[in-house]
Amino acid sequence: MLQLDDLSFAYGSVKAVDQVSLDVAEGSIHGLIGPNGAGKSTCIDLISGRQRPTSGSVRFRERDITRMAAPRRRHLGIARSFQRISVYPDLTVADQLDVAGRLVGEQDVDAVVAALALGPSLPLTPSEIGYGEQRRVDIALALLGAPDLVLLDEPAAGLSREESIALADHLAGLVRERGMTVVLVEHHLEVVYRVCDRLTVLEQGAVIADGRPQEVRRDPRVVEAYLGRSAA
Ligand SMILES: Nc1ncnc2c1ncn2[C@@H]1O[C@H](COP(=O)(O)OP(=O)(O)OP(=O)(O)O)[C@@H](O)[C@H]1O
Ligand SMILES: [Mg+2]
């Protein structure tokens with residue numbers, strides 16, 4: 001469904017993404033993992049259209065979208081969440097979902113609300129709900145309009161282990177229910193191994209491993225990249 005081919009991007013002299021190639025299969029949850037600064041968020045920016053690569057290509061359903069503007073990609077069915085919460089502080093959760101849902105033609109906001117267990121948060125503003133709920137609102141916003149491909153950048157950032165696992169299970173359920181495809185950037189490896197069908201591991205902008213989670217987690221280069229990290 002999504003194909004990155006030899007994709008590179010540099011911030012000045014820093015090679016943030018260095019000749020990355022990967023294939024995301026339709027209907028899968030594809031994990032993008034790696035240490036801090038590995039280039040995960042930059043990859044998401046290149047797929048969503050927030051940044052343009054210096055070289056290489058992004059193909060979505062056989063179509064070259066490398067230079068396509070972000071709003072057009074959203075129209076094609078590619079949606080994203082951000083590593084930091086992007087909800088509007090003064091609107092209730094219900095209003096945010098309503099406004100955003102209209103913009104993207106969502107027919108069934110209630111289904112997204114139910115899937116992410118956001119019912120109790122609907123009458124409240126982001127400052128009145130917990131951090132875990134705020135993260136789920138952010139994900140709900142990305143899921144509106146039933147995008148075919150959802151890019152999630154650390155949806156569980158700042159959550160406890162239990163909250164992260166609960167969130168991942170919500171997500172996995174929603175993916176199966178709605179037939180979506182997900183690229184998931186995630187630091188909690190337990191979450192990654194639990195829900196991802198496939199993993200690509202980045203280190204210093206380059207792919208160091210790619211495959212099924214059971215294989216990747218035993219890969220010596222991956223073990224070394226994560227050595228000494230409490231998340232492992
Ligand atoms: N706006 C920027 N300006 C300059 N350099 C940047 C910028 N954003 C990221 N970088 C650098 O690009 C590289 C890749 O960063 P990126 O944010 O993509 O990594 P990441 O894997 O998402 O890291 P993290 O796990 O910390 O979120 C890093 O070396 C980072 O310092
Ligand atoms: Mg990041």
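Arg136 is buried, with a relative accessible area of 15%; here buried stands for under 20% relative accessible area, exposed for over 50% and partly exposed for values in between, with a 1.4 Å probe and protein chains only. The structure is a predicted model, in which local features need pLDDT of at least 70 and side-chain atom pairs count only at pLDDT 80 or more, whereas totals for chains, interfaces and linings use all residues. Residues are numbered from 1 along each chain as its sequence is written, chains are lettered from A and ligands numbered from 1 in the order in which they are written, and side-chain values use heavy atoms, with hydrogens and water left out.

## Helix H5 and Arg136

Arg136 belongs to helix H5. Helices (H or I, at least four residues) and strands (E, at least two) are DSSP runs, numbered from the N terminus. Leaving out residues up to four places away in sequence, Arg136 touches Leu116, Ala117, Leu118, Leu167 and His170, contact being defined as heavy atoms within 4.5 Å. Between the C-alpha atoms of Arg136 and Glu154, which are 18 residues apart along the chain, the distance is 12 Å.

H5 covers residues 131-143, and its 13 residues reach 19 Å from the first C-alpha to the last, close to the 18 Å expected at 1.5 Å a residue. The expected span is 1.5 Å times one less than the number of residues in the helix. Because eleven of the 13 residues are buried, H5 is largely enclosed by the rest of the structure. Among these buried residues are Gly132, Gln134, Arg135, Asp138 and Leu143. The buried residues of H5 pack against helices H2 (70-76), H3 (93-104), H4 (109-115) and H6 (161-178), and against strands E6 (78-80) and E7 (149-153).

Ser121 is placed in the loop between H4 and H5 and counts as buried, at 5% relative accessibility. Apart from neighbours within four places in sequence, Ser121 is in contact with Val93, Ile129 and Glu133.

After H5 comes Gly145, with a positive phi near 80°. Ala146, in the loop between H5 and E7, also has a positive phi, near 45°, although this residue is not a glycine. Ala146 is partly exposed, at a relative accessible area of 42%. The loop between E7 and H6 holds Glu154, another residue other than glycine with a positive phi, of about 50°. Glu154 is buried, its relative accessible area being 8%.

## Helix H6 and strand E3

The 18 residues of H6 should span 26 Å at 1.5 Å a residue, and the end C-alpha atoms of H6 are 26 Å apart, which agrees. Buried residues of H6 include Ser164, Leu167, Leu171 and Val175. Their cover includes H4, H5 and E7, together with strand E3 (29-33), strand E8 (181-185) and helix H7 (189-195). Just after H6, Gly179 has a positive phi of about 65°.

Ile33 lies in strand E3 and is buried at 0% relative accessibility. Although Ile33 and Val201 are 168 residues apart in sequence, their C-alpha atoms are 4.9 Å apart. Neighbours within four places in sequence aside, the contacts of Ile33 include Lys40, Glu186, Leu189, Val201 and Tyr226.

## Ligand 1

The shell around ligand 1 has 14 residues, the closest being Gly37, Gly39, Lys40, Ser41 and Thr42; a residue is near a molecule if one of its heavy atoms lies within 4 Å of it. Strand E2 (14-24) and helix H1 (40-48) each supply at least two residues of this shell, and H1 gives the most, with three. By class, the shell has five nonpolar, seven polar and two charged residues. Ala, Val, Leu, Ile, Met, Phe, Trp, Tyr, Cys and Pro count as nonpolar, Asp, Glu, Lys and Arg as charged, and the others, Gly among them, as polar.

| Residue | Protein atom | Ligand 1 atom | Distance |
|---|---|---|---|
| Gly39 | backbone N or O | oxygen | 2.9 Å |
| Ser41 | polar backbone atom | oxygen | 2.9 Å |
| Thr42 | polar side-chain atom | oxygen | 2.5 Å |

Of the 630 Å² of accessible area that ligand 1 has on its own, the protein covers 61%; accessible areas come from the Shrake-Rupley method with a 1.4 Å probe.

Terms used
Polar contact = N/O pair within 3.5 Å; in protein donor to acceptor, adjacent residues only side chain to side chain.
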